Amino acid sequence: MKALEAYKKCLTEIATLGSALSILSWDQQTNMPKKGIAARSQVAGKLSKMAFELSVSDELGRYIEDLESQPDLSEIEKASVARVGKEYRRHKAIPPEVVEELTITRSQAQSAWVKAREASDFSQFEPLLAKMVSFQQRFAEYFGYEEHPYDALLEGFEPGLTVKKLKGIIEPLRKETVPFLKRLMAEGTAPDTSILDGSFDIDAQRALTREALELITYDFDAGNLSDVAHPFTITIAPGDVRVTNRYLEKEIFPGLFGALHEGGHALYNQGMPEELFYLELANGSSNGIHESQSRMIENLIGRSLPFWTYFQPQMAKHFPQFASTSPEALFGAANVVRPSLIRVEADEVTYNFHIMVRFELERGLIDGSVRVADLPRLWNEAMEEYVGVVPPNDALGVLQDVHWSMGMFGYFPSYMLGNLYAAQLYTSIREAIPSLDDQIQSGNLRPLVEWLRENVHRHGGVYEPDELMQRITGSSLDSSHYVRYVVDKYSDIYAL
Ligand code: ZN
């Protein structure tokens, strides 16, 4: 099997360059002095170019073609060839001159977006956004699709997902949770958050975060925790999956929950067998499945009463002001629902609405039914309908996310899917581990993580999301699990 060997050798080279790029990027965001940026960009640019050329090389194309007709590959090898082949064809579908044009336009769009957001003036971003949209429309044609051009873009983030399927997932979710939010706000009693007032030493927060990561079984011998402005998790190589975090002096929760979120992503990568890394299967099943792992740890575990029953004494150890605060009070304060303008600050009840707004607008932009010039107005109308708040300006509205300026159309739904996948997986976990709450309450997360390892992590990107969900839960993604989770949890907290 010459082709297989050559194929693996080529992917190993790409992965090795990827490792070098990841460590450069991690260093740039955590440790690098400001003045290092010019030289660093040169090095990163050179390595990226080498990796990109390998990934679109004619040789790789030939190996893929050869292997696609090989009947005796292992399941993992087959999955690798399928993923890499798909990605290869998407790359090849775009003419090189268009790629070049996009690179230039994208950097203009990003700087226009930064300026427009600072000035809170959409009109400064509008012409470049229109160009970015037209690129995506062309890409959809290059990639091909059956029903809706947006399907071609979704495929890049969530394999197998289409507008039609997404509508089927969103519709019942919207129908149940929009009225639930209204009821919660009108009739519910919000938890007391005054216990969170105060100042929180950053070193103590770092120590607390470390304990939280140890609790979820994050392996520090195969990882690292550093400070950063915008938290992320990065897989450098097998045995090296790093988490970064940010702390606020005046707020204790963003640092803690941010770390639990990133820790959930990191567990996924720490739980994958080494061979997947060298077969381009280490990015997980999809963006949405990756996000399900972070949301599960952050929300389903981290914002649960059993977690706080265990964690309150840990908090009190580092922050004596919580010594006489009950676990119930901390649990309540961690679960306040507050319809807000900003997606990244949204709670579990309102988060998905922010995504629904973006999904409707993106889909319309790509199929031409929404004009770029109308976006600020349509954004505000949709926010009022779903979340019940209207942005007072563009910066707090249509200009808040970086994604469109980078050409990431079709990415937003993954965030919502992460919540929904997590809830559905959690239903299965509860069935498999009846004593789950007791274990969490006693600080033992091993059984949970072992379940995730066995069912989700170790497969990496071997299965596409729908197949993975079918194998684990017996059915495709179904938003009723999330609806039940949210309605039960918040009815209780808000005493409905
Ligand atoms: Zn995430």
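**A first look at one helix, one threonine and a zinc site**

Let's start with Thr 209: this residue is buried, with a relative accessible area of 1%. Buried here means under 20% relative accessible area, exposed over 50%, with a 1.4 Å probe and protein chains only. Please keep in mind that this is a predicted model, where local features need pLDDT of at least 70, side-chain atom pairs count only at pLDDT 80 or more, and totals for chains, interfaces and linings use all residues. Residues are numbered from 1 along each chain as its sequence is written, and side-chain values use heavy atoms, leaving out hydrogens and water.

Thr 209 sits in helix α9 (residues 202-215); helices are DSSP runs of H or I, at least four residues, numbered from the N terminus. Which residues does Thr 209 touch, not counting those up to four places away in sequence? They are Leu 225, Asn 245, Tyr 247, Gly 255 and Ala 259, with contact meaning heavy atoms within 4.5 Å.

Now to the zinc ion. Its protein donors are His 261 (NE2), His 265 (NE2) and Glu 291 (OE), 2.1 to 2.3 Å away. Donors are N, O and S atoms within 2.8 Å of the metal (3.2 Å for Na, K and Ca), and water is not among the atoms, so sites may look incomplete. Along the chain, the donors of the zinc ion follow the spacing H-x3-H-x25-E. His 265 in helix α10 (residues 253-270) and Glu 291 in helix α12 (residues 287-301) link distant parts of the chain, 26 residues apart. Both His 265 and Glu 291 are buried.

Finally, helix α3 (residues 58-68): Leu 60, Gly 61, Ile 64 and Leu 67 are buried there, while Asp 58, Arg 62 and Glu 65, on the other side, are exposed.

How values were computed: Helices (H or I, at least four residues) and strands (E, at least two) are DSSP runs, numbered from the N terminus.
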